[in-house]
Amino acid sequence: MRAITFIEKLRFEPDHPEPMPTEGECIVKVRLAGICSTDHEIVKGYMGFRGIPGHEMVGDVVKGSPEWVGKRVVAEINCVCKTCDMCQAGLSSHCRKRTVVGIAGRDGCFADLVAVPEHNLHEVPETIPDESAVFVEPIAAACQIIQQVSIDHRSNVVVVGSGRLGLLIAQVLAKTGCKLEVVGRNPKTLLFCEKKRIRSTSVESLIPRNDRDVVVECTGSPQGFDIALSLVRPRGTIVLKSTYADGTIPNPAAIVINEINVVGSRCGPFPDAINALARRDIDVSPMVARSFPIERGLEAFQASRQPENIKVLLKINPR
Ligand SMILES: [Zn+2]
Ligand SMILES: [Zn+2]
């Protein structure tokens, strides 16, 4: 099969061996896959990953239990043991023996075929097109914030970072009715916010007032944390969404003195993300900048690094 692999460097392989499903797994034929910031971090050495990257996709089940074969699906990325203490406690995304599709110990979806546990699959309703369904994984990560932190119409919330994830988070948070603002560098993405009637401010014109209840940091860079600290109020909450290969922790004194809650936030609920798309709460269509066939995957990675390309997709087996 065709695959993009990362072993020291990224390459396109026209004839990579097909995945062998183990007990309880299905094989999904990938239609579309999305390149996200985590994929760029993997190429820089994040998680020491070796293999086929990619964890955002929509595809068709072609092998596995008859109950699933033929269905159009998205797949949760944490593959879990169901027996460890975390799994038993209902915290399976923190399974101690987990592998993560395209991120840790398991091949991902930048390939014709990917093996995923049947348990991880969610069928995509017909009303959601492939170009939207491919965003379910990062939208779920955005939905996780409102599972972890209480946000309502009284909350003053700022999203620091107007990249791929920031724009999804802003749209999810906007639905809570909170007082919302997005801070970013890229005029194109800030304009996207304005079109969605979400207030946006460029980093340069930001006034650090320490008056926000909740600050969501999703810049993907260590400087984002400093900006978040300059905005959050005493006893407020900073939600951290960035994962970087090498980052420094700022001086914790400001966190201690102002008694800031720092909440790490990762994967989220797929059903909520699917419902948000089905209800059209979230509009992803203006976010897709370019699509490439898998053979041009390396070029797609390059394009995805350009700030003017908000989201780049790989068309692997498009319909
Ligand atoms: Zn991702
Ligand atoms: Zn487990």
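**A parallel sheet and its helices**

Let's begin with one residue pair: in this predicted model, Val 215 stands opposite Ile 238 in β14.

Q: How many bridges join strand β13 to strand β14?
A: Strand β13 covers residues 212-217 and β14 covers residues 232-240. The two run parallel, and the number of bridges joining them is 5.

Q: Which strands stand at the edges of the open sheet?
A: The sheet has 6 strands with parallel pairing, in the order β12-β11-β10-β13-β14-β15. An edge strand has a single partner, so one side of it is left without a neighbour in the sheet. That describes β12 (199-202) and β15 (261-264).

Q: What angle does the direction of helix α7 make with that of β13?
A: Helix α7, residues 223-231, packs on the sheet and touches β10, β11, β13 and β14. Its buried residues include Phe 225, Ile 227 and Leu 229, and their cover includes α8 (253-257) as well as those strands. The direction of α7 makes an angle with that of β13 of about 175 degrees.

Q: Across which strands does helix α5 lie?
A: Helix α5 spans residues 164-174 and runs at about 170 degrees to β11. The strands it lies across are β10 (156-160), β11 (179-184) and β13.

Q: Where does the largest nonpolar core lie?
A: This core has 94 residues, and Ile 139 is among those that touch the most other members. Residues come to the core from both domain 1 (3-135 + 284-315) and domain 2 (139-264). The core therefore lies between domain 1 and domain 2.

Conventions:
Residues numbered from 1 in each chain as written. Chains lettered and ligands numbered in written order. Predicted model: local features only at pLDDT ≥ 70, side-chain atom pairs only at ≥ 80, totals over all residues. Pairing = 2+ DSSP bridges. Helix = DSSP H or I, 4+ residues; strand = E, 2+ residues; numbered from the N terminus. Contact = placed C-beta atoms within 7 Å. Axes fitted to C-alpha atoms, helices over the stretch in contact; angles between N-to-C directions. Buried ≥ 20, exposed ≤ 12 C-beta atoms within 10 Å, placed from the backbone. Core = buried A, V, L, I, M, F, W, Y, C linked by C-beta atoms within 7 Å. Domains from an automatic or database assignment.
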